[in-house]
Protein chains: 2
Amino acid sequence: VNGERPIALLVSYAGSAFAGFQRQAGPRTVQQVLEEALGRLSGQAVAVRGAGRTDAGVHALGQVADCCLPATCRIAPDRLPLALSATLPPDMAIAGAEAVPPGFHARFWAQSKHYRYLFWRAAVPSPFWRPYAWHFSGPLDVAAMAAAAADLVGRHDCRAFAGSARPVDDATRTILECSVCSAPPWLAIDVRADGFLYRMVRTIAGTLFEVGRGARPVSAVRAAIAGRDRRLAGPALPAHGLCLLGVRYPDAAGPTPPSPGLWPP
Amino acid sequence: VNGERPIALLVSYAGSAFAGFQRQAGPRTVQQVLEEALGRLSGQAVAVRGAGRTDAGVHALGQVADCCLPATCRIAPDRLPLALSATLPPDMAIAGAEAVPPGFHARFWAQSKHYRYLFWRAAVPSPFWRPYAWHFSGPLDVAAMAAAAADLVGRHDCRAFAGSARPVDDATRTILECSVCSAPPWLAIDVRADGFLYRMVRTIAGTLFEVGRGARPVSAVRAAIAGRDRRLAGPALPAHGLCLLGVRYPDAAGPTPPSPGLWPP
């Protein structure tokens, strides 16, 4: 549309009180709250598209959403984060905004997305980290988990790690990084890929968790990839341990992702 | 009392929903919630004493509280953290517990307490850190703040940094450490001392903040110590930026404080 400005927003949210990213009929979602804030600011209905459709309860440090601001909305991109954040509820903030090329699409243009699944491994839960890390205090063989994680790196059919809710034709994804970092009381599983299937990170984390506690051998990951069968992978771990750290675009077309160091360990 | 066991508890809490540590007639306090949990566990009224009387809204990673468990309560100290945490609300947890010598007093036996005041210096607030760090996005001269902080180390009359609510006879305290650490988007002011006056850390943080933004010279801290006048110090910063990191006891008589690395930066 003439005069419209395509913008990419860097969005942070604590997922606990959101029924996921995507707009739904009833419950509060990230898309809905964000579109309402953009509507208040611009005086017109504004639609956003997210890079990752995070599930209910999943957090985001560096989600990216694109939208077109109407020509009548004259706020410069560098003033958008403050102006928007001021009208958002406390569990969401806009950490950055920038003009993007015409045709930019937060999801289709994304080169890779980086997720982190956090465990809190102390004996008792933390009042501070309880909403953001999954509490597990038993022993874990971190070296076995790391070895199994390394088997995930590469271009594979990943359907064994997809929740059954949304069957897909092409389940081939390129996993650029899959690593396990133990920094007590935290343990982090980092997965970076060009795309993700439904509940893929939580299922990878659950499979590595079962390898860590000795319920599956290290070779289970290789077998699940080869077998392309959901029953060969572990359970999906709870949503609240997962965070979308950042999204990368080719030629720095989108906003710079936040430092992963902002999310422990 | 015969058969009673003196115990020291390592207590963590998010201060947002507490009206401070000390029991009051109406509002919810840390002491009240903790005594209720101990009462449920032991079947008897149990009184606790805290090392630091944190104010409303102040957090604690490593508060120490002592109590005497009745002889009828047979739970071993190493099982107390899980047993107590299970009955506590999600904003409080017991991270450790150990038997202490008869006569132990969490406050009078404390050798030093370590507080950290956190700033969040990004342009927009963080959905995650909003309850735990004070948001300030303007420029700060960190080197000036650090120089002023160094002047606080030593044994001084600290009454210039005490809130006016509770006048004291002897305001002499030994400040063992006062340092400023900038790790964007965080800035931390660490203060370790043998004791603290009312609102002392928040007033020190407010004075250093005014030095940082150029509203007071570096020499203001020295002048406030020498002048012993509240008006020579800056304002007390908001409670939610402050956290009691840990408490140390002579000869390791109490529980080991948590790692300060659990509280950024």
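Gln31(A) has 13% relative accessibility and therefore counts as buried (under 20% relative accessible area, with exposed over 50% and partly exposed in between; 1.4 Å probe, protein chains only). The model is predicted: local features need pLDDT of at least 70, side-chain atom pairs count only at pLDDT 80 or more, and totals for chains, interfaces and linings use all residues. Residues are numbered from 1 along each chain as its sequence is written, chains are lettered from A and ligands numbered from 1 in the order in which they are written, and side-chain values use heavy atoms, without hydrogens and water.

**Aromatic pairs**
- Over all chains, the whole structure has 35 aromatic pairs (ring centres of Phe, Tyr or Trp, the last by its six-membered ring, within 6.5 Å; planes under 30 degrees apart are stacked, over 60 edge-to-face, the rest tilted).
- Phe128(A) and Trp263(B) form an edge-to-face pair, at 4.6 Å centre to centre and 65° between the planes.
- This pair joins two chains, because Phe128(A) lies in the loop between β5 (112-120) and β6 (134-135) of chain A and Trp263(B) in the segment after β10 (242-248) of chain B (strands are DSSP runs of E, at least two residues, and helices runs of H or I, at least four, numbered from the N terminus).
- Both Phe128(A) and Trp263(B) are buried.

**Charge over ring**
- The charged end of Arg28(A) sits over the ring of Phe18(A), 4.1 Å from its centre (NZ of Lys or CZ of Arg within 6 Å of the ring centre and within 35 degrees of the ring normal).
- In chain B, the charged end of Arg28(B) sits over the ring of Phe18(B) at 4.0 Å from the centre.
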